[in-house]
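Please look through the sequence and the model below before reading on.

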Amino acid sequence: MDRVVDLDEVAAVLAGHAVRWRSAGLEVGQVTWRDAEASWPQPLETDRARVRDPDSVGVVLSGPGEAELSVVLFRGGWADVEFIASLDDAGSLPASDVVSASDFEARMSQWVGRVFGVCGGAQ
């Protein structure tokens, strides 16, 4: 898989926004990593030091009314983005052609706003 996005930079973006998301009333789960070198099925790790060759990084945000946003970004530049905003509003969000950590940051801001109605980006 091509290395389009630096996942360590993406993890730094997530860490940078965690305080803001928490102050907006969201729960921020631990960042998870998947190691491309691990044998199948590849376990998710919460300790970056245990991952030699990261091929994905993910996080789950939870909010009021059981709203949830799950984002897993792959180093190839696409993400699996699943959400539940309400009982009548759930699904997947488009997430392809992510080219950098700053591109991911802008998209994450949009996704957080879409699901929770709060600012997800830098201020």
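This is a predicted model: local features need pLDDT of at least 70, side-chain atom pairs count only at pLDDT 80 or more; totals for chains, interfaces and linings use all residues.

Residues are numbered from 1 along each chain as its sequence is written, and side-chain values use heavy atoms, with hydrogens and water left out.

Helix 1 and helix 2 pack with their axes 9 Å apart and at an angle of about 35° (axes are lines fitted to C-alpha atoms over the stretch in contact, and angles run from 0 to 180 degrees between N-to-C directions; helices are DSSP runs of H or I with at least four residues, strands are E runs of at least two, both numbered from the N terminus). On the helix 1 side the contact (heavy atoms within 4.5 Å) is made by Glu9, Val10, Val13, Leu14, His17 and Trp21, and on the helix 2 side by Ala101, Phe104, Glu105, Met108 and Val112.

The largest nonpolar core has 33 residues; such a core is a set of buried Ala, Val, Leu, Ile, Met, Phe, Trp, Tyr and Cys residues joined through side-chain atoms within 4.5 Å. Among the members that touch the most others are Phe104 and Met108. Beyond four places in sequence, phenylalanine 104 touches Val10, Val13, Leu14, Val71, Leu73, Val98 and Trp111.

Alanine 106 lies in helix 2 (residues 101-116). Its relative accessibility is 42%, so alanine 106 counts as partly exposed (buried is under 20% relative accessible area, exposed over 50%, partly exposed in between, with a 1.4 Å probe and protein chains only). Serine 56, in strand 4, is buried at 4%.
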